[in-house]
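Thank you for passing this one along; my comments follow as numbered points. Please read them with the structure open beside you.

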Amino acid sequence: GLERSDLPTELARLAGYSTRPSFERAMLGNVDEADQWIDVIAEVVQLWEPRSEKIAQVGLLGDESGRLKFVMWESAGLPELVEGETYQFQNVVTDEFQGRYSVSLNSATVVKPSEEAVSAAADGVTVGGTVVAVQEGSGLIKRCPEADCTRVLSGGRCGEHGAVEGEFDLRIKAVVDDGHRSINAIFDAEATVAVSGLSMADAQAMAMDALDTGVVVDALTERVLGRQYQLTGPVVGEYFLVDDVAEGPADEDLSDETLEPAVTGRQPAQRMLAQEINASTHTFQESDEERAPVLSLSPTGVAVNRVLIVGALTEAQDVGSNSEYWRGRVYAGSEPVFVYAGQYQPEAMQFLQQADTPSYVAVVGKLRPYEAGERVNVAIEPESIATVDEATREAWLAEAVEHTGTRIAAFERGAGRADVAAEQYGDEVGRIEQAVTDAAAELGVEDASP
């Protein structure tokens, strides 16, 4: 029978109530702490499909200061929000996960239409990441020429207008990855030219000479794979649309909640030095499902499915007996990692067949432990491989040093699967820590300890 105002502050918080007596507007862009009760006036910028029955609605709120993810719990019993409408939200709770903030609407939240207009901040966002895959649908394409129709033709036909002549366009559909999450990104013709240096005329001439548009995709892959970019643009549907691009490491990553609809379910590519890759011999599956991926456990206690390495390819040779099976030796830091490609990796095998050695390469692939006599070795089964320059190699090495240092620090705190890793590998982390120190010294970093 107590009123909220009768409850002590801490008890009110435990009960799910704010003790603030009146509406005190806070700005979304200023949220920098979890477990805070705030009031906001914001537009429902975008709604996403909930991934849990416990969630009534999930999406993005926006005000003049920024945008933030929101979650409305089913148990809250709140009215349904409409995309594009502006509301006054009283008593929402801030939350934080892996450095990303959000707000939660619960049973103590009061929602009502706002009489005050709000102009949500621009929907463009600047992010940083590495291109780890160039997807199908990239390269030289044809679009429907009809007014207000930009559909990509399939077999010379538009899904709405039938058989049409079509107009050429150039694009890259890519997976951009920061080592923690990945997004689907589309580079339009202007961004594709900016990032690759390949013009529309060059692409058309290239395809005409080869009588195959696939050569354009190969050229684009060669020019962007494994390279770091700073990208600016909006999220539309399931894609991040690149409006502006600059090559090189960026302070930003892919943690912005605005990116949520474009985030893929793909395992991120870990940035790992050779010592950690070669020591990741133990494998496991997270479930009993038939198609559950086989993961490698690193000595730092991290589950690894896919890696990105950039280093010197010093050897490429056919080691197959009955059929071609190519092996590449790539230095990921101070030690080598072996890359194997056969008939099931035709593009990678062709690359190794024609590769110049030594040369710098970027390799994205999955770890594959295999028995060699009485010991277990680890190799990379490449999904993509391309030639890069020395600057790309140094940028990757700096990123690998940073990410590995973070994993070591988490291991020492006992996070993740640290206990299992310690049991499997003993003091193997000591060798990895030394590799980080050596790589940092090469880069001119004084202290690389976690």
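**Notes on helices and salt bridges**

1. Please bear in mind here and below that the model is predicted.

2. Helix 8 itself, which spans residues 418-425, has Ala 418, Ala 421 and Tyr 425 as buried residues. These lie on the same side of helix 8, because the arc they cover around the axis is only 60 degrees. The general rule behind such a pattern is that an α-helix has 3.6 residues a turn, so residues three or four places apart point the same way. On the face of helix 8 turned away from the buried side one finds the exposed residues Asp 419 and Glu 423. The cover over the buried residues of helix 8 includes helix 5 (274-279) and helix 7 (390-412), together with strand 18 (282-284) and strand 19 (295-297).

3. Since Arg 407 belongs to helix 7 and Glu 276 to helix 5, the pair ties together parts that are 131 residues apart in sequence. Both partners have their accessibility listed: Arg 407 counts as buried at 8% relative accessibility, and Glu 276 is buried with a relative accessible area of 1%.

4. A further salt bridge joins Arg 271 to Asp 177, with the closest N and O atoms 3.2 Å apart. The pair links distant parts of the chain, 94 residues apart, with Arg 271 in strand 17 (residues 269-271) and Asp 177 in strand 11 (residues 167-177). Arg 271 is buried, its relative accessible area being 0%, and Asp 177 likewise counts as buried at 0% relative accessibility.

5. Arg 25 and Glu 116 form a salt bridge as well, and here the closest N and O atoms are 3.1 Å apart. Because Arg 25 sits in the loop between helix 1 (9-15) and strand 1 (37-48), while Glu 116 sits in the loop between strand 6 (110-113) and strand 7 (125-134), the pair ties together parts that are 91 residues apart in sequence. Arg 25 is partly exposed, with a relative accessible area of 29%, and Glu 116 counts as partly exposed at 40% relative accessibility. The two are also members of a network of salt bridges that links Arg 25, Glu 64 and Glu 116. The structure as a whole holds 18 salt bridges.

6. Turning to helix packing, the axes of helix 3 (residues 200-210) and helix 4 (residues 214-224) come within 8 Å and cross at roughly 130 degrees, and the two helices are therefore oblique to each other. Helix 3 contributes Ala 203, Met 206, Ala 207 and Ala 210 to the contact, and helix 4 contributes Val 215, Val 216 and Ala 219. By class, the residues of this contact divide into 7 nonpolar, no polar and no charged.

7. A last point concerns Ser 75, which lies in the loop between strand 3 (66-73) and strand 4 (86-97) and counts as exposed at 70% relative accessibility. Ser 75 and Val 364 are 289 residues apart in sequence, and from C-alpha to C-alpha they are 43 Å apart in space.

Notes
Residues are numbered from 1 along each chain as its sequence is written. This is a predicted model: local features need pLDDT of at least 70, side-chain atom pairs count only at pLDDT 80 or more; totals for chains, interfaces and linings use all residues. Side-chain values use heavy atoms; hydrogens and water are left out. Buried means under 20% relative accessible area, exposed over 50%, partly exposed in between (1.4 Å probe, protein chains only). Helices (H or I, at least four residues) and strands (E, at least two) are DSSP runs, numbered from the N terminus. The arc is that of the directions from the helix axis to the C-beta atoms. Contact means heavy atoms within 4.5 Å. A salt bridge is a side-chain nitrogen of Lys or Arg within 4 Å of a carboxyl oxygen of Asp or Glu. Axes are lines fitted to C-alpha atoms, for helices over the stretch in contact, and angles run from 0 to 180 degrees between N-to-C directions. Angles under 35 degrees count as roughly parallel, over 145 as roughly antiparallel, 65 to 115 as roughly perpendicular and the rest as oblique. Ala, Val, Leu, Ile, Met, Phe, Trp, Tyr, Cys and Pro count as nonpolar, Asp, Glu, Lys and Arg as charged, and the others, Gly among them, as polar.
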